[in-house]
Amino acid sequence: MKQYKEQSSTAPQDAFEYERLENVHPAGWRNPPPADRYSLVVGAGTAGLVAAHAAAALGAKVALIERHLLGGDCLNVGCVPSKAIIRTARLYADVRNAQQYGAHVPGDIHVDFPAAMKRMRGIRARISRADSVRRLSAAGVDVFFGQACFTGTDALTVDGAKLRFNKALIATGARPNTPSIPGLIEAGYLTNENVFDQTELPRRLLVIGGGPLGCELAQAFCRFGAKTIIVQSWPLFLPREERDAAQLLSDAFARDGIEVRLNTRAVNVRVESGEKLVDLVSDDFKSTVAVDAILTGTGRLPNVEGLNLEAAGVEFDKKDGIRVDDFLQTSNRRIYAAGDVCLKHKFTHTADASARIVVRNALFLGRQRMSALTIPWCTYTDPAIAHVGLYVREARERNISVKTFTIPMHDVDRAIADDEEAGFVKIHVKEGTDRILGATIVARHAGEMINEITLAMVAGIGLRTLARVIHAYPTQAEAIKKAADAYNRTRLTPTIHWLLRLWLRWWSPYRQASAGEMSAPDKSEMEPHS
Amino acid sequence: MDEQTLDQLQRAAFGYFLQAVNPANGLIADTSRENSPCSIGVVGFALSAYPVAVERGWMARADAVERSLATLRFFRDSDQSGSPEATGFKGFYYHFLDMHTGARVWRSELSTIDTAFLIAGALTAGCYFTATTPEETELRELVETLYRRVDWRWSQGEAATIRQGWKPECGFLNYGWDGYNESIVLYVLALGSPTHPLGGNCYEAWTATYQWENLYGYDFLYAGPLFIHQFSHAWIDFRGIQDRFMREKRCDYFENSRRATEVQREYARRNPHEFAGYDENCWGLTACDGPTNQMPGLAYERRRLFGYAARGVPYGPDDGTLGGWASLPFAPEAALGAAHIMRQRYPEMLFGERYTSSINPALASADGGAWVSAGHFGLDQGIVVMMIENHRTQLIWRLMRDCPYVGAGLRRAGFRGGWMDRLRLSRSQM
């Protein structure tokens, strides 16, 4: 396990980078003189920023400490830059498939990787404005740059200054977990922390790890034109997701031209003649691949080092992070934790939600539980894989009888029109009821679609009600309505069906008789509408 | 399709075992292709098919006994050291064996599912050949020996469920039998063992991975490829018997396979990829041979072709290839209708009166016919023989109902109802 080491960016220092750094860590920044006592936030990633803004808005005297860049991983080396380059990569994929859409692209397709990265830097700079130090200061937050180090249960030092606190939040995030492969460090490798600094597309790329980051970037770089191999130690990608979702992703990768090596481990790396040679093992099959760059995406480790948490009486584990209860309180009752440093689900929106819980629980004697949240997530591959709530396996392990309503995307008109038929909507309900336990969506826009299910779950809306919600036609989200309609059809038991037929048999002659008593309609009224 | 045609098909399928056997050791080739090794799973189908042949008068009883004995003796005497060139280990056998020496080939895995098919075939033979002659007595003793020495518990490794395989070079493979699949027969045999039964809640742990889905209007225990809904049914009569899962769903595995067949038909009717030939009478996405882009003439085919692969519904892979001709007992009308119409449309799917592994109507050959898998695969022929027989006389099902190990395995898996209750009642009255 490596100690946190600040990596200096090798990205081109253009106007975009200048703007971003001016927002998230301005050169020449001077920390303010400390106030008497603070509501203190350590770490200015998503959780820290949300908590600092919320607490300040509610009238607390807030200090926010960041050792590197405001905005954390999400803004600087995570969601924002990755989604920006994924969008460009998808465009290249669409252009290559233009013929499939009945379109013609004249000439060869030339990939301008530096331009894609420049676009990403521009987007990152723009979004960084929302996280800027000036905005924090204007909100009344005292921002301190430097390494926080606890000196007791209610105090810490940063950059030589001593800060005391009534309540504190630790939100120091997580960092890439470097796999212990002999020769990897010597050969050099990329992680999310430096991959977005690249200005040149590697001709051949090996991605180690089939988790969300590895899958997203493997597909993006492949679509930019890198000959990409992805190795994953498990027999399926995204081991937590449903088998079908992982299988569809494997198929999509193969279509893109990614060389998929499942059930495979990288066991050694060496450099020869400027090439990185990586030895791979799959069961008893051994092989060596030659690549120009290696990207690792094998999980994340919480940032708990250097904080002197022992002095603060905060229990932690180097692998699982800071120990918190369901109210996100640590073993020191003054101190809470939120975000990647303590949570299993390391997502930006989870960090955001956990920070809001901490503000309520720490400052207003709240008793909000983390476990009460309904948390969706999405891996932004193409097709994307989104999930919320329970998996079938989890429900069955809890002895909940589950039934799944499945709609393949090839049954959805808009997906057919868009030529985006790979995928499905699966909604899990408690057997015999319409209560939604969870859902998995595989679709090009699964991340947008899952929100409807999340809303339904949080609001306690069942499939029966969802069936009454009119969905605009044609949309891919109509798949959700179709699943709800499928549920409704299962309510039509043979008995109910028999009763309905009985009713209609009785009602039809009556209606005909009534109609006969009325005067014959004008013929023109019976003409069909054109 | 009339009874005579059905009989012709069944007999032709059985003929594979006569052509592909090494009479010296009873081993059967995996395929009819040149230099094919033996597949132990196919041997299990052959052992199950010999009683059918005796009943139908295609083979003398003595001949069937002799072939079965040769097979069982070979496996009893085989090298069980688990070395890379052995035949087996812990009572299991490597998936592919040299047809002559019986040694492991292709660095294949010690296969739990194919061993289960082999042992199921042996038990079928043991239940059929019940005469007190020295030969049939020896046959039954050999079956006992082979079954009792399989260390099913070992096959769990340290996991909650049975592993798919083991190799001397790397130990257990990284795959388990998770999600509904063809392995009920494996679990039943493993639970019924008097010597090395599975430990813990292995069956419950496996069924915890089941997914009960409503797809195309059918509620069923989901699995994509058709063969998953067929293979265990070749030996076990699942009509009316239920484990905990099926009791909860008010269904049984037989009915489930019928619904799975209907889902296949519905997929073919919808035909999302618009492949030639697909409709409600032309269906069957399953594990089968198929064309590849490397084949001469197909190198420039735009769509991706998958070769031998487990094709499934509704998520594929689907390259227009159809196979899996064995849903007869579950959906006789649909299966017979499809068999009739497909034969009319694609007479080339029968090669030497025997079903080939698969056809692909979307890839027309030079003469305008569908692409057809070359030669024959033993598993395809075995399942055809057994499923036609179960449809016609339920012979295999009846034999295995009387197998005490199958009964014990089913009970330990939580099955009850139907013929199991009737059998218990009749035994208690004796």
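**Exercise 1.** Find the bridge partner of A:N268 in β12(A), then place the strands in their sheet.

*Solution.* 
- Step 1. A:N268 has A:D279 as its bridge partner in β12(A). For A:A266, the partner in β12(A) is A:L280.
- Step 2. The two strands, β11(A) and β12 (residues 275-282) of chain A, run antiparallel and are joined by seven bridges. Strands pair if DSSP finds at least two bridges between them. Strands are DSSP runs (E, at least two residues), and helices are H or I runs of at least four, both numbered from the N terminus.
- Step 3. Check the turn. The hairpin has two residues between the strands, and A:S273 takes a positive phi near 50 degrees.
- Step 4. Extend to the open sheet: three strands, order β11-β12-β13 (chain A), antiparallel pairing. Its edge strands, β11 (265-272) and β13 (285-291) of chain A, each pair on one side only.

The model is predicted; local features need pLDDT of at least 70, side-chain atom pairs count only at pLDDT 80 or more, and totals for chains, interfaces and linings use all residues. Residues are numbered from 1 along each chain as its sequence is written, while chains are lettered from A and ligands numbered from 1 in the order in which they are written.

**Exercise 2.** Describe the contact of chain A with chain B.

*Solution.* 
- Step 1. Count residues: 27 from chain A and 23 from chain B. Contact requires C-beta atoms, placed from the backbone, within 7 Å.
- Step 2. α9(A) gives the most to chain A's side, with seven residues.
- Step 3. Look for strand pairing. Two bridges join β21(A) to β10 (residues 212-215) of chain B, running parallel. In β10(B), B:N214 stands opposite A:F405.

Note on methods. Contact = placed C-beta atoms within 7 Å.
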